[in-house]
Amino acid sequence: MAGKEFALNDVVMMKKPHPCGENRWKIIRMGMDIRIKCLGCDHSVMIPRRQFTKKMKKVLEKAEE
């Protein structure tokens with residue numbers, strides 16, 4: 001699991017694109033579940049943390065601190 005470091009407001013790439021065609025997502029809530037928002041159509045999805053870590057490919061942009 002090395003390299004799977006992510007934080008709130010990071011922009012991540014998922015393994016499969018959203019049906020709108022965009023593959024960039026912003027993390028907008030973290031906890032047991034993680035809510036991500038598509039940067040193409042602003043649709044948000046809440047998924048369990050374990051499933052998110054499996055489906056996340058890489059972090060594209062780190063959040064401003």
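Mentor: Let's begin with Asn9, which is partly exposed because its relative accessible area is 38%. The cut-offs are these: buried means under 20% relative accessible area, exposed means over 50%, and partly exposed is in between, using a 1.4 Å probe and protein chains only. Asn9 also has a positive phi of about 70 degrees, although it is not a glycine. A word on the source: this is a predicted model, where local features need pLDDT of at least 70, side-chain atom pairs count only at pLDDT 80 or more, and totals for chains, interfaces and linings use all residues. Residues are numbered from 1 along each chain as its sequence is written, and side-chain values use heavy atoms, with hydrogens and water left out.

Trainee: Where in the chain is Asn9 placed?

Mentor: Asn9 sits in the segment before S1. Helices (H or I, at least four residues) and strands (E, at least two) are DSSP runs, numbered from the N terminus. Lys4 lies in that segment before strand S1 (11–14) too. Lys4 is partly exposed, since its relative accessible area is 23%.

Trainee: Which residues does Lys4 touch?

Mentor: Contact means heavy atoms within 4.5 Å. Not counting residues up to four places away in sequence, Lys4 touches Thr53, Lys54 and Met56. Compare that with a pair in space: Lys4 and Asn23 are 19 residues apart in sequence and 17 Å apart, C-alpha to C-alpha.

Trainee: Now the strands. How many bridges join S1 to S2?

Mentor: Two strands pair if DSSP finds at least two bridges between them. S1 and S2 run antiparallel and are joined by three bridges. Met13 stands opposite Arg24 in S2.

Trainee: What can you tell me about Arg24?

Mentor: Arg24 is found in strand S2, and with a relative accessible area of 31% Arg24 is partly exposed. The C-alpha atoms of Arg24 and Val12 are separated by 5.8 Å, though the two are twelve residues apart along the chain. Leaving out residues up to four places away in sequence, Arg24 touches Val11, Val12, Lys37, Cys38, Leu39, Leu60 and Glu61.

Trainee: And how many bridges join S2 to S3?

Mentor: Four bridges, and S2 and S3 run antiparallel. A hairpin of three residues joins S2 to S3. Lys26 has Lys37 as its bridge partner in S3, and the bridge partner of Lys37 in S4 is Ser44. S3 and S4 are antiparallel as well, with five bridges joining them.

Trainee: What happens in the loop between S3 and S4?

Mentor: Asp42 is found there. The hairpin of S3 and S4 has five residues between the strands, and in it Asp42 takes a positive phi near 65 degrees. Asp42 is not a glycine. At 54% relative accessibility, Asp42 counts as exposed.

Trainee: Is His18 buried or exposed?

Mentor: His18 counts as buried because its relative accessibility is 15%. His18 is in the loop between S1 and S2. Beyond residues up to four places away in sequence, His18 touches Trp25, Cys38, Cys41 and His43.

Trainee: How do I read a nonpolar core?

Mentor: In soluble globular proteins, nonpolar side chains tend to be buried together. A nonpolar core is a set of buried Ala, Val, Leu, Ile, Met, Phe, Trp, Tyr and Cys residues joined through side-chain atoms within 4.5 Å. The largest one here has eleven residues, including Phe6, Trp25, Ile34 and Phe52. S1, strand S2 (24–29) and strand S3 (33–38) are the elements that give two or more residues to this core. S3 provides the largest share, three residues. Among the residues that Ile34 touches are Phe6, Ile27, Ile47 and Phe52.

Trainee: Last one: how do I read a pocket?

Mentor: Rolling a probe the size of a water molecule over the atoms shows where empty space is left. On a 1 Å grid over the protein atoms alone, a pocket is an open set of points where a 1.4 Å probe fits, with protein on both sides within 12 Å along at least five of seven lines; lining residues have an atom within 4 Å of a point. The lining of the largest pocket includes Met14, Trp25, Gln51 and Lys55. Strand S4 (44–48) and helix H1 (49–55) are the elements that give two or more residues to that lining.
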